[in-house]
Amino acid sequence: MTVPLPPFISFKPSAEKADDKLSPPAIIVIQEWWGVNEQIKLHAQTLADLTGAETVIPDLYKGKLGLDAEEASHLMDNLDFKNAVEEITVLCTKELRKDDPDRKIGAIGFCMGGSLALATAALIDKPLAAVAPFYGIPPEALCDCGVIVGKTPIQGHFGDLDHFKGFTDKPSVDALEATLKGASGDKPFEIFRYEKEGHAFMNYDEFSMTQVKKLGFPGAFAKEDRDLAWSRVSEFFKKYLY
């Protein structure tokens, strides 16, 4: 069965920061379990402004949004992760490279999206130029993250206070780092850990912070940590996309 092109939203750099390049690189920005909400759109615009790339959000929920944790959990549980990776792959091949087959494409994702960013880097045939997961690690049943070291540079970002066991808590991040270190390949990888932060520490809009309080997420949610992470990841993408 042919996998269709998913709906998507694209963001250009702000006019005063726009580049003159005819075919700028693209960065796929993959949603959290909430869906394509205002926070992920803010992330996409920020990254476009910082890197000069076109940023593109595939809508994996096809317009649906989780307005609370119960709804978001239901949407994520019903998402076919393998099919989602295939849709992201179609976005790369059929849309983002339709005019330039050699266009450089990176991927970034947050929470569920971080998991899917790594899975896409592992499973896609034509390697991504760079991948940056934020507090998201795919299950071994979906992919072997070790293969990415032979294909694509990685920069990961995780909070030491993250409490999601088996997904993004400290032992899970340790296991990911061990997998990458033990893999064969020459692509660089780096895992940044934020001592005072927990899950979803890049979020800051009103909806996100309301949910953080309701769910009791630990962490400082400090602007200086967000700024540091944006600085690191934007330099990473500029290094490997240009």
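Colleague: Which residue forms a salt bridge with E87?

Modeller: A salt bridge here is a side-chain nitrogen of Lys or Arg within 4 Å of a carboxyl oxygen of Asp or Glu. The closest N and O atoms of the pair are 3.0 Å apart. The partner of E87 is K62.

Colleague: What should I know about the model itself?

Modeller: This is a predicted model, where local features need pLDDT of at least 70 and side-chain atom pairs count only at pLDDT 80 or more, while totals for chains, interfaces and linings use all residues. Residues are numbered from 1 along each chain as its sequence is written, and side-chain values use heavy atoms, with hydrogens and water left out.

Colleague: How many residues apart are E87 and K62?

Modeller: Helices (H or I, at least four residues) and strands (E, at least two) are DSSP runs, numbered from the N terminus. E87 sits in helix α3, and K62 in the loop between β3 and α2 (69-77). The pair links distant parts of the chain, with a separation of 25 residues.

Colleague: Is E87 buried or exposed?

Modeller: Buried means under 20% relative accessible area, exposed over 50%, and partly exposed in between (1.4 Å probe, protein chains only). K62 has 43%, so K62 is partly exposed. E87 has 6% relative accessibility, so E87 is buried.

Colleague: Which residues are linked with K170 in a network of salt bridges?

Modeller: Start with K170 and D174, whose closest N and O atoms are 3.9 Å apart in a salt bridge. They are four residues apart in helix α5, so about one helical turn separates them. K170, at 40% relative accessibility, is partly exposed, and so is D174 at 34%. The network links K170 with D174, E177 and R193.

Colleague: Which side chain of opposite charge is nearest to D169?

Modeller: D169 is found in the loop between β6 (154-159) and α5 (170-182). D169 is buried yet has no salt bridge. Lys and Arg count as positive, Asp and Glu as negative; His and the chain ends are not counted. The nearest opposite charge is 6.5 Å away, on K165.

Colleague: Which backbone nitrogen does the side chain of D169 reach?

Modeller: Contact means heavy atoms within 4.5 Å. Leaving aside neighbours within four places in sequence, D169 is in contact with D162, H163 and F164. At 3.4 Å, the side chain of D169 reaches the backbone nitrogen of G166.

Colleague: Which are the edge strands of the sheet?

Modeller: Two strands pair if DSSP finds at least two bridges between them. Seven strands form an open sheet with mixed pairing, in the order β1-β3-β2-β4-β5-β6-β7. The strands that pair on one side only are β1 (8-11) and β7 (189-194).

Technical notes:
A polar contact is a pair of N or O atoms within 3.5 Å; within protein, one must be able to donate a hydrogen and the other to accept it, and residues adjacent in sequence count only if both atoms are side-chain atoms.
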